[in-house]
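Morning, everyone. Please have the sequence and the model open on your screens. I will keep this brief.

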Amino acid sequence: QVQLVESGGGLVQTGGSLKLSCVASGRTFASSTMGWFRQAPGKERECVARITSIGDITYCADSVKGRFTIFRDNAKNTVYLQMNSLKPEDTAVYYCAGAVFSNTGALYWGQGTQVTVSS
């Protein structure tokens, strides 16, 4: 069983930054594609970014390119999402995902962390 625990969400003003962290339990982390998804009120959950075990990165949402950075530390079983130049439209619950197999699917999910960007 894999457990994912996110942290780092909060309230920030437009233009600010936040860094999300997700610690994974289990020995399969290093070989797993990890990702961050988000769900805004009234909208479907969408993929933000994903990173393979060898560090290949895909930014699924065009709106975050150039502003968000996904990276991982396999020694710490942790994946991060550095979010800069935040906008009100980035407001959402952000979910860490493990064993991501598509832009819409993953085997494991964290409980989510709220990110709110005020205008």
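I will go through the sheet, the disulfides, and then the aromatic rings.

One caution to begin with: this is a predicted model.

Start with the sheet. Which strands form it, and in what order? Four strands make an open sheet, and the order is β1-β3-β8-β7. The pairing is antiparallel. At the edges sit β1, residues 4–7, and β7, residues 68–73. Each of those edge strands pairs on one side only. Neighbouring strands here are turned by 15° against each other on average, ignoring direction.

Now look at β3 and β8. Strand β3 covers residues 18–24 and strand β8 covers residues 78–83. They pair in the antiparallel sense, over 6 bridges. For a landmark, find Ser21: it stands opposite Tyr80 in β8. Keep Tyr80 in mind.

On to the disulfides. How many does the structure hold? There are 2.

Take Cys22 and Cys96 to begin. Their disulfide has an S to S distance of 2.1 Å. The angle about the S-S bond is -80°, and the link is left-handed. Where do the two cysteines lie? Cys22 is in strand β3, and Cys96 is in strand β9, residues 92–100. The two are 74 residues apart in sequence, so this pair ties together parts that are separated by that stretch. Both Cys22 and Cys96 are buried.

The other disulfide is Cys47 to Cys60, again with the sulfur atoms 2.1 Å apart. Cys47 lies in strand β5, residues 46–51. Cys60 lies in the loop between β6, residues 57–59, and β7. So this pair ties together parts that are 13 residues apart in sequence. Are these two buried or partly exposed? Cys47 has a relative accessible area of 4%, so it counts as buried. Cys60 is at 21%, and counts as partly exposed. The cut-off for buried is under 20%.

How do the bonded cysteines pair when numbered in sequence order? The pattern is 1-4, 2-3.

Last topic, the rings. A search of the whole structure finds 2 aromatic pairs.

Phe37 and Trp109 form an edge-to-face pair. The centres are 4.9 Å apart, with 70° between the planes. This pair links distant parts of the chain. Phe37 sits in strand β4, residues 34–39, while Trp109 sits in strand β10, residues 106–109. That puts them 72 residues apart. Phe37 is buried, with a relative accessible area of 1%. Trp109, at 27%, is partly exposed.

Phe71 and Tyr80 form the stacked pair. Here the centres are 4.8 Å apart, with 20° between the planes. Why does this one count as stacked? Because planes under 30 degrees apart count as stacked. Phe71 is partly exposed, at 31% relative accessibility. Tyr80 is buried, at 13%.

Arg45 lies over the face of Tyr95, at 5.5 Å from the ring centre. Arg72 lies over the face of Phe29, at 4.6 Å from the ring centre.

To recap. The open sheet runs β1-β3-β8-β7. Cys22 in β3 ties to Cys96 in β9. Thank you.

Technical notes:
Residues are numbered from 1 along each chain as its sequence is written. This is a predicted model: local features need pLDDT of at least 70, side-chain atom pairs count only at pLDDT 80 or more; totals for chains, interfaces and linings use all residues. Side-chain values use heavy atoms; hydrogens and water are left out. Rings of Phe, Tyr and Trp (its six-membered ring) pair if their centres lie within 6.5 Å; planes under 30 degrees apart count as stacked, over 60 as edge-to-face and the rest as tilted. Buried means under 20% relative accessible area, exposed over 50%, partly exposed in between (1.4 Å probe, protein chains only). A charge sits over a ring if NZ of Lys or CZ of Arg is within 6 Å of the ring centre and within 35 degrees of the ring normal. Two strands pair if DSSP finds at least two bridges between them. Axes are lines fitted to C-alpha atoms, for helices over the stretch in contact, and angles run from 0 to 180 degrees between N-to-C directions. A disulfide is a pair of cysteine sulfur atoms within 2.5 Å.
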